[in-house]
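Here are my notes on this one, in the order I'd look at things. Have the model open while you read.

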Amino acid sequence: MKMAHLLSALAVAMLATSVQGQAPAPAPASAATYPLQQPALPYQFWAQEPLIDNMTQMLHWTKHTATYFENVNKAIKPFPALQALTVEQMMPAIGTESIPMNISKAVRNNAGGVYNHLLFFKILMPATAQSNATNNSALPANIGQAINQTFGNYTVFKKNFTEAALSVFGSGWAWLTVAKNGSLAIETTPNQDNPLMVGAKYSGSQPILGIDVWEHAYYLKRQNRRPEYIEAWFYVVNWPQIDANYMAATGSNAAAITSYASA
Ligand SMILES: [Fe+2]
């Protein structure tokens, strides 16, 4: 068993005990986690215009993402032990018996949707003249070095990541992940799954960059032209944030990656 999954299994075993009605797990000392609250974005919906349009971003955040929040809160309403978890803490429980069977699909789809969209919107930045002039390919030192070591250079990474995002059949995601040993990988998941969920096909690695290739992320402006959307998206990837995510993942502070506390 992989170390990540072993740790997850331990956390899940503790959670399972509480879900079954014995010795409820204490809520974290931090602020209450229920209901999960959708944060404010650190930029306007038009910030990525014309690469990603205002209407798409507005609907994506205020409708699609908001619905994932509403639905996960509704699903876990009868389960205090699950309410005590942050959405980050829920991820390694998804795919295990610690999520009651009658809500397992709802939690998978909607807690996954919350986690994935928090990451997706956090790693975007406003379109700028500088990012356009450089193709947004001037990467900060830490993540730049890691990408060069893993893929050879940014151009190869971008090509491989684009191919992965194009390979997702139907709705899903492509990710850049960091394994426990610090190595980078490109992964894909269907629907609102992500690599942190438990299952034989998932790595347990921490996503630090993710692209949503559901059609709701691009259809209004790009219709069925997913390659065009992916190319435009690369121009508004916030590489300083990816650098911070990489350092957080390798420094075991993964919760910071989807936190909007300082945004
Ligand atoms: Fe989405």
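1. Start with strand pairing. Ala174 has Thr188 as its bridge partner in E2, and Trp173 stands opposite Thr189 in that strand. In total, 7 bridges join E1 to strand E2 (residues 184-190), and the two run antiparallel. Two strands are called paired here if DSSP finds at least two bridges between them. The strands themselves (E, at least two residues) and the helices (H or I, at least four) are DSSP runs, numbered from the N terminus. The hairpin of E1 and E2 has 5 residues between the strands, and in it Gly182 takes a positive phi near 90°.

2. A word on where this comes from: it's a predicted model, so local features need pLDDT of at least 70 and side-chain atom pairs count only at pLDDT 80 or more, while totals for chains, interfaces and linings use all residues. Residues are numbered from 1 along each chain as its sequence is written, and side-chain values use heavy atoms, with hydrogens and water left out.

3. Now the other neighbour of E1. It is E3, joined to E1 by 6 bridges, again antiparallel; Val178 has Gln206 as its bridge partner there. Put together, the 3 strands form an open sheet in the order E2-E1-E3, with antiparallel pairing. E2 and E3 stand at the edges with a single partner strand each, so one side of each is left without a neighbour in the sheet. On average, neighbouring strands of this sheet are turned by 25° against each other, direction ignored. For such angles, axes are lines fitted to C-alpha atoms (for helices, over the stretch in contact), and values run from 0 to 180 degrees between N-to-C directions.

4. What packs against the sheet? H11 does, touching E1, E2 and E3, and its direction makes about 145° with that of E3. Helix H7 (residues 141-151) lies across E1, E2 and E3 too, running at about 85° to E2. Touching, or contact, means heavy atoms within 4.5 Å.

5. Is strand E1 buried or exposed? 7 of the 7 residues of E1 (residues 172-178) are buried, so the strand is largely enclosed by the rest of the structure. Both faces are covered: Gly172, Ala174, Leu176 and Val178 are buried on one side, and Trp173, Trp175 and Thr177 on the other. Buried means under 20% relative accessible area, exposed means over 50%, and partly exposed is in between (1.4 Å probe, protein chains only).

6. Next, the metal. Which residues coordinate the iron ion? They are His60 (NE2), His117 (NE2), Asp212 (OD) and His216 (NE2), at 1.9 to 2.1 Å. Donors here are N, O and S atoms within 2.8 Å of the metal (3.2 Å for Na, K and Ca); water is not among the atoms, so sites may look incomplete. The angles among the 4 donor atoms are 93 to 137°, and the site is irregular. Along the chain, the donors follow the spacing H-x56-H-x94-D-x3-H. His117 in helix H5 (residues 101-122) and Asp212 in strand E3 (residues 206-212) are 95 residues apart, so to speak a link between distant parts of the chain. As for "irregular": four donors count as tetrahedral if all angles lie between 85 and 135 degrees; four count as square planar and six as octahedral if opposite donors are over 155 degrees apart and all others between 65 and 115; anything else is irregular. His117 counts as buried at 0% relative accessibility, and Asp212 likewise has 0% and counts as buried.

7. Helix H5 also holds Asn110. This residue is buried, with a relative accessible area of 9%. Leaving aside residues up to four places away in sequence, Asn110 touches Thr67, Tyr68, Asn71 and Val72.

8. Most residues other than glycine have a negative phi, and most peptide bonds are trans. Tyr34 and Pro35 are joined by a cis peptide bond with omega about -10°, and the bond from Glu49 to Pro50 is cis as well, with omega near -5°. Pro35 sits in the loop between helix H1 (3-19) and helix H2 (54-75), and Pro50 is also in the loop between H1 and H2. Ser252, though not a glycine, has a positive phi of about 60°; it is found in the segment after helix H11 (239-250) and is exposed, with a relative accessible area of 69%.

9. Finally, the whole chain. The protein chain has 11 helices and 3 strands, and buried residues make up 49% of its 263 residues.
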